[in-house]
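Please look through the sequence and the model below.

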Amino acid sequence: MQRSEQLFERAQRSIPGGVNSPVRAFKAVGGTPRFIAKADGPYIYDVDGKRYIDYVQSWGPMVLGHNNSRIREAVIDAAASGLSFGAPTEAEVFMAEKVRELVPSMEMVRMVNSGTEATMSAIRLARGYTGKNKLVKFEGCYHGHADSLLVKAGSGALTLGVPSSPGVPDDVAKHTLTVEFNNLDSVKQIFAECGDDIACIIVEPVAGNMNCIPPVDGFLQGLRDICDEHGALLIFDEVMTGFRVSRGGAQERYAITPDLTCLGKVIGGGMPVGAFGGKKKILTHIAPTGPVYQAGTLSGNPIAMAAGLAALDQLAQPGLYDSIFANTKALVDGFQAIANENNIPFTTNHAGSMFGLFFTDVDKVVNYQQAINCNQAQFKQFYHGMLDEGVYLAPASYEAGFVSKLHDEAIVEATLDAARKVFANL
Ligand code: PMP
């Protein structure tokens with residue numbers, strides 16, 4: 001760990017907290033973040049040469065595993081023709097068509113450079129289109145760090161105890177109404193109070209930023225119905241779930257059609273990419289066809305499009321998702337059995353290839369309160385035990401884990417072998 005320690009110390013002199021995104025700093029679990037030198041398949045390797053089975057997957061993009069050869073080659077090929085043109089390219093047309101094919105509710109799509117940009121732009125579009133100001137989001141859901149969305153947010157904002165960040169003006173935050181995930185009554189109540197001025201509901205259809213919490217039966221359909229009743233738009237933030245909980249995302253898995261969808265992570269194959277899209281009659285309100293402004297110097301970047309297309313093209317492999325989902329289930333079932341053998345209060349959630357591990361005596365975790373009431377001290381001990389055994393989980397208990405195509409049965413078994421040792425010592 002020597003090299004990571006040296007780099008972390010050096011990094012903290014020039015980078016706030018030594019990292020370019022907060023959760024990477026290991027604040028929630030303590031200790032030194034591992035600086036990563038390379039990644040391949042299901043593994044990452046730190047600068048001290050230690051190998052880890054990786055369940056962070058760059059926070060979601062690597063559904064095909066790290067360093068996928070087709071993506072890598074596509075990037076190298078595209079780079080040979082120039083890095084950015086600031087003018088339309090063929091690859092952007094292919095990408096838009098591919099997104100429409102895989103996520104049919106996205107009749108039109110606009111590319112951006114991150115998930116944050118996708119959600120920020122989708123919300124502006126929802127407000128511009130409906131002429132209403134307020135948005136409804138769920139406690140513990142994270143939609144990137146745009147001002148309007150950084151209210152009772154999950155992920156690093158939760159981990160670091162900054163549910164509403166300083167720097168977000170009250171005048172902005174007051175338009176963000178926060179209700180409880182998986183609780184339709186709380187949504188109905190807020191619509192009863194201010195339904196006339198609600199532009200949209202934005203939701204992570206499977207919450208992945210307060211650990212992993214799937215929607216309970218009827219929740220997403222309920223949101224669809226409430227939006228229809230009140231003339232509000234339903235925005236699925238599928239930055240994490242897109243191409244992951246099913247090829248067509250959560251909307252395919254749960255058969256609900258949102259008005260707008262936000263994508264990120266997998267769609268870039270590891271490059272910085274996001275996208276938002278939806279009904280044509282809404283998307284035509286975006287500049288240059290409409291008055292809602294949205295733009296980007298590097299949006300639709302040719303290297304990023306090449307990587308993303310190479311990723312999306314491979315998602316059609318027969319049986320791909322079935323085997324990833326089976327391995328995810330085997331993994332969480334294995335964890336549960338080991339916890340039970342050791343009499344440790346523990347439960348799991350999973351949806352497709354996303355999973356969550358909870359140190360709690362609650363049977364099924366369905367909301368933010370239950371997620372934050374889990375035993376943090378035990379998680380911390382578990383986390384470092386697994387890390388020592390060569391398993392890299394998200395360094396905070398409020399994050400979903402991810403399984404890739406290359407986390408096969410042997411990798412799952414190796415992970416459970418590590419868990420057996422760690423649980424025995426908790
Ligand atoms: N939405 C969701 C559901 C996310 O999980 C994230 C990032 N984890 C974002 C939006 C923001 O994406 P980015 O970090 O690319 O800005």
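Leaving aside its neighbours within four places in sequence, which residues is Glu180 in contact with? They are Phe138, Glu139, Ser186 and Asn367, where contact means that the C-beta atoms, placed from the backbone, lie within 7 Å. This is a predicted model, in which local features need pLDDT of at least 70 and side-chain atom pairs count only at pLDDT 80 or more, while totals for chains, interfaces and linings use all residues. Residues are numbered from 1 along each chain as its sequence is written.

Glu180 sits in the loop between E6 and helix H7 (184-194); helices (H or I, at least four residues) and strands (E, at least two) are DSSP runs, numbered from the N terminus. Glu180 counts as partly exposed because it has 16 C-beta neighbours inside 10 Å. By this count, 20 or more other C-beta atoms within 10 Å make a residue buried, 12 or fewer make it exposed, and values in between make it partly exposed, with C-beta atoms placed from the backbone.

E6 pairs with strand E5 (residues 134-138) in the parallel sense over 4 bridges; pairing requires at least two DSSP bridges between two strands. Leu177 in E6 is the bridge partner of Val136.

An open sheet of 4 strands runs in the order E1-E2-E3-E13, with mixed pairing. Its edge strands, E1 (36-40) and E13 (391-392), each pair on one side only. Strands E2 (residues 43-46) and E3 (residues 51-54) pair in the antiparallel sense over 3 bridges, and Tyr52 in E3 is the bridge partner of Ile44.

Notes: Two residues are in contact if their C-beta atoms, placed from the backbone, lie within 7 Å.
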